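Here's a quick briefing for anyone opening this structure for the first time. Have a look at it, then read on.

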Amino acid sequence: MTEKDHQKPIRVLLIEDNKGDARLIREMLAEVGGPAAFQLDWVERLSTGIERLTDGGIDVVLLDLALPDSGAEDTFTKISGAAGNVPIVVLTLLEDDDKAVKAMQGGAQDYLVKAELDGNFLKHSIRYAIERGRLKVQLEFLNSALQQRMEDLRTTTVSKAYVDNIIESMAETLVVISPDGVIQRVNRAVLNLLGYERSELIGQSGGIVFEDGADVFFLEADRRERRNFFKRMGLNDMIRSVETNLVAKDGTRVPVMLSGSVMRDESGAMQGIVAVAQDMSQQRLAEQQLKKVDESLEAEIHQRRSVATELEVTKANFSSIVEKTRDGILIVDKEGVVLYANPAAAALFGREEEELVGQLFGFPLTAGETTELDIIRLDDEKCVAEMRMDDTEWRGEDAYLATLRDVTERKRLFAEAKRTNEKLRQANQIKDDFIANVSHELRTPLATISNVLANALAGVWGVLSDEARSELRTGHTNAKRLASMVNNLLDMSTIQAGRVSLEKSQVDMPALIRSVIESAKAKAKEKGVALVTSHDPDLGLVFCDPMKIVRVLTNLVGNALKFTGEGGTISIAIQNGREEAQISVSDTGRGIAKENQERIFERFQQVDRTDVGGEKGTGLGLAIAKDLVELHGGTISVQSELGKGSTFSFTLPVYSLGAMLREAVHAEFKRCGQGNHLSLIILTFKQAEFEAMKEGGGVERWKQMLEDVETKIRHVVRRNMQDAVIQYGNGRMILFLRDTPKTGATSVRQRVVSALAPYEERCPFLVTAISCPEDAEDPDALVAAVDNLVEELATNG
């Protein structure tokens, strides 16, 4: 097939009486090529197909053997006569392999099992059949032409010049050999095929070009053998179709089909032999290709039979699974009528399978959805099923596959667990409220008692005896300890209720730690414990709530003082990281047993270290520290070994634009509704123009412009100021749109671009919309998407 032929659609005649199979084949051809590659003519009867073939123009026939007007045994015989050289591909069912093979033995190019068809395999089979048919026709033509040419040479009597012209024009090679085995004449085809000049061959032994000349013409044999050979040739003037090789000048062997005849003079005396050889290179190549095709076909037949066997086994296994599964399975047609029900479905509805088939399903038919159904069985028992509906095919027709699972018990257990959880939540809430109320009520009288005792110790009401002073000092210490316990209880209640808000800012951690150390100096001096600090010299600012972190550090230092003996050391160190700082409080006390380290941060948990003078408390200090650190997005941990001391470490985010953005994204995401839709509109002024404007117009001017732009953006949104706008450095702004999906964000973006058009000439800008969950599945992914976008814009200007 030429390149031009490949550009034209292949015209396929489909003779098939099954409309479903015909539609499937049409869809397959459209999917792998469309009208540009295939043009399908479909007929349902053999007689109509024969008429179409008679009209011509068909490139390949797809034939179903079983047709309304012809039996399977006769169909191929009838169509092959009308098809001529048009290749025929048989379509068959799995059980019709033997009939298909007989059709191939009768001349069909291929056969295809309908159940195994797909678009690419069908396309390959059609092109393969056409090419194989073309090679077959070409081979038959070459053989016919050779026979005709030999016949013409033998029977035509014309002038010498005319004959010479014919000989030179022949496509076949012609060599004239004398009775002595010497080449007397060659035609142009010999020279073109073997690469010789004419002068290099005339007068040479025929063995120079005939590889096995001794066997064919006795060219290298002795005189007696040559005489015997020519004597035999005298009795039989012709050698027909001997396969041999010609030897080219470069030594290459060229396969040929050799024929020879005796050349006689007018008296009948033998003058020599005329040998005509047809180049069989292309034919040999075609035969090799046909052999490979036949081997491939046999392998495909074997494979198809194996696949058919596997399909039967798979079908049996699948049927067994469907019949035994605990999920109900129903096939429902497009009109809502049940076509199939497995035993589990019958049991779910409290009926027999036969009672369901043929009945209206009675529930919504929406593919791709999962719904819950309330089913009333015949015995009036109620159950709940979870149903998944999907599109499928049943016996060649579109249908629905309904999968039903009985979730009655699961729903009952879930409801019971929900009620239990609610009771526990209420009980926990009562407990927390009681602790909060009691703590709140105790705070004022405890403060009063502590103040009275402090005044008495200060001598406000006169000089105290040593015994009275000792008692008052003990009471004052216990009052302060009780007040600390009450404060811890109140703080824990506030944290558990989610009422703690962070007021984050840029914090100089070394300065904050110095203030904590200053507060602990008196107690450390009293116990004979040294306090030391260290930090990285290039430590940056930390992004945190300073009051909450003072509380964490005070708690950790207080614990270290409580459990470190005289002569010990407490060290506070700060290590700087790329995204977070790590603060560590280490002591040289007795340490904590490994089995206690896992629960030390739990509420109301205490580790017994009274052997070193530790005081009993509420067991809330470390739990509060853990909650406050985690509210900042950090982590807290302990490393300890008995006899060597303990190190408590926690992390806090280093101040950066990224940390600020992450904080803002997570805060806004928590304020979103149930849909969890959060969109960001990112405004970025082109950096080169922005920097030039800052330098040329002064700081106040570009700050005023940014304020004007922010006002414009808020005016465009008009959502009662509920959407935050943050400055993100270097002329960037980010607008947060809560409860806004991607489509809404795109609309807002277009309005922002229109509203800011007057600023485009002064300082060009880009406006981009990013949405969660459409562009990023969660808040962290949304932050990463913004960072990538900002980095890309900065790189590309």
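What follows starts with the whole chain and then turns to its salt bridges.

This is a predicted model, so to speak of local features a pLDDT of at least 70 is needed, side-chain atom pairs count only at pLDDT 80 or more, and totals for chains, interfaces and linings use all residues. Residues are numbered from 1 along each chain as its sequence is written, and side-chain values use heavy atoms, with hydrogens and water left out.

**The chain as a whole**

- You'll find 25 helices and 26 strands here; these are DSSP runs numbered from the N terminus, with helices being H or I over at least four residues and strands being E over at least two.
- Of the 797 residues in the chain, 39% are buried, where buried means under 20% relative accessible area, exposed means over 50%, and partly exposed is in between (1.4 Å probe, protein chains only).
- Take the contacts (heavy atoms within 4.5 Å) between residues at least 6 apart in sequence: 60% of them join residues at least 24 apart.

- E168 sits in helix α7, which covers residues 160-169, and is buried at a relative accessible area of 15%.
- Setting aside neighbours within four places in sequence, E168 is in contact with R185, V186, N187, R188 and R198.
- R188 makes a salt bridge (a side-chain nitrogen of Lys or Arg within 4 Å of a carboxyl oxygen of Asp or Glu) with E168, and their closest N and O atoms are 3.9 Å apart.
- Because R188 lies in helix α8 (residues 188-194) and E168 in helix α7, this pair ties together parts 20 residues apart in sequence.
- R198 also has a salt bridge with E168, with the closest N and O atoms 3.2 Å apart.
- R198 lies in the loop between α8 and α9 (213-217), so its pairing with E168 in helix α7 ties together parts 30 residues apart in sequence.
- Both arginines are partly exposed: R188 has a relative accessible area of 42%, and R198 has 32%.
- Put together, E168, R188 and R198 are linked in a network of salt bridges.

**Other salt bridges**

- The whole structure has 18 salt bridges.
- One of them joins D545 and K548, whose closest N and O atoms are 3.4 Å apart.
- D545 is buried at 4% relative accessible area, whereas K548 is partly exposed at 22%.
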